Amino acid sequence: MSAMVPRIILLKLHDGATREAVAKRAASALADLPQVTSLIVGLPADAPSEKSWDVSIVLGFATLEILEFALASEAFKTHFENELAAQCQVIKSWSFSRLPV
């Protein structure tokens with residue numbers, strides 16, 4: 001089953017040279033979130049993306065309720081509030097309902 005509610009997170013780090021290490025730690029920490037149906041962690045693929053963002057994270061969940069449960073989980077809060085927040089200039093997040101195609 002594919003994720004029907006993706007959570008898209010973009011990170012701009014204080015030090016772009018750490019992007020690969022931050023991406024690897026994020027992938028490891030977020031893979032353990034409850035009921036994640038998909039996880040994609042990426043680095044910029046082109047110059048315009050690299051200028052704006054250092055790491056992209058797309059978490060997939062079956063429902064909005066499950067997404068909200070995961071975002072409220074101690075694992076999510078610990079990783080974002082304790083680990084990522086100090087390394088980031090900007091964190092932007094959005095959730096969408098995915099249309100079946």
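## A buried aspartate and its partners

The side chain of aspartate 54 makes a polar contact with the side chain of arginine 19, at 2.5 Å. (A polar contact is a pair of N or O atoms within 3.5 Å; within protein, one must be able to donate a hydrogen and the other to accept it, and residues adjacent in sequence count only if both atoms are side-chain atoms.) This is a predicted model, in which local features need pLDDT of at least 70 and side-chain atom pairs count only at pLDDT 80 or more, while totals for chains, interfaces and linings use all residues. Residues are numbered from 1 along each chain as its sequence is written, and side-chain values use heavy atoms, with hydrogens and water left out.

- Aspartate 54 sits in the loop between α2 (47-52) and β3; helices (H or I, at least four residues) and strands (E, at least two) are DSSP runs, numbered from the N terminus.
- With 2% relative accessibility, aspartate 54 counts as buried; buried means under 20% relative accessible area, exposed over 50%, and partly exposed in between (1.4 Å probe, protein chains only).
- Beyond its neighbours within four places in sequence, aspartate 54 is in contact (heavy atoms within 4.5 Å) with Leu11, Lys12, Leu13, Gly16, Arg19, Gly42, Leu43 and Pro44.
- Lysine 12 belongs to strand β1 and is buried too, with a relative accessible area of 18%.
- A polar atom of the lysine 12 side chain lies 3.2 Å from the backbone oxygen of lysine 51.
- Leaving aside neighbours within four places in sequence, the contacts of lysine 12 include Glu50, Trp53, Asp54, Cys88 and Val90.

**The chain as a whole**

- You can count four helices and four strands in the chain, and from the N terminus on they run β-α-β-α-β-α-α-β.
- The radius of gyration (taken over C-alpha atoms) is 13 Å, close to the 13 Å that the globule rule gives for 101 residues, so the chain is as compact as a globular protein of that length. That rule is 2.2 Å times the number of residues to the power 0.38.
- Along its principal axes, the C-alpha trace spans about 35 × 30 × 20 Å.
- Of the 101 residues, 31% count as buried.
- Among contacts with a separation of 6 or more, 75% come from residues 24 or more positions apart.

**The nonpolar core**

- The largest nonpolar core has 20 residues, of which Leu11, Leu30, Ile57, Leu59, Phe76 and Phe80 touch the most other members. Such a core is a set of buried Ala, Val, Leu, Ile, Met, Phe, Trp, Tyr and Cys residues joined through side-chain atoms within 4.5 Å.
- Two or more residues of this core come from each of β1 (5-13), α1 (19-30), β3 (55-61), α3 (64-72) and α4 (74-84).
- Not counting residues up to four places away in sequence, leucine 11 touches partners including Val22, Trp53, Ile57, Phe80, Leu84 and Ile91.

- In α4, the residues Phe76, His79, Phe80 and Leu84 are buried. Viewed down the axis of α4, these fall within an arc of 85°, so they line one face of the helix; the arc is that of the directions from the helix axis to the C-beta atoms.
- Glu74, Glu81 and Asn82 are exposed, on the face of α4 turned away from its buried side.
- The buried residues of α4 pack against β1, α1, β3, α3 and β4 (88-95).
- In α3, the buried residues are Leu67, Ala70 and Leu71. They cover an arc of only 100° around the axis, which puts them on the same side of α3.
- The face of α3 turned away from its buried side carries the exposed residues Glu65 and Phe69, while its buried residues pack against β1, β3, α4 and β4.

**Two loop residues**

- Glutamine 87 lies in the loop between α4 and β4 and, at 23% relative accessibility, counts as partly exposed.
- The side chain of glutamine 87 makes a polar contact with that of arginine 25, at 3.0 Å.
- Valine 36 is found in the loop between α1 and β2 (38-42) and is partly exposed at 22% relative accessibility.
- Not counting residues up to four places away in sequence, valine 36 touches Leu30, Leu59, Gly60 and Phe61.
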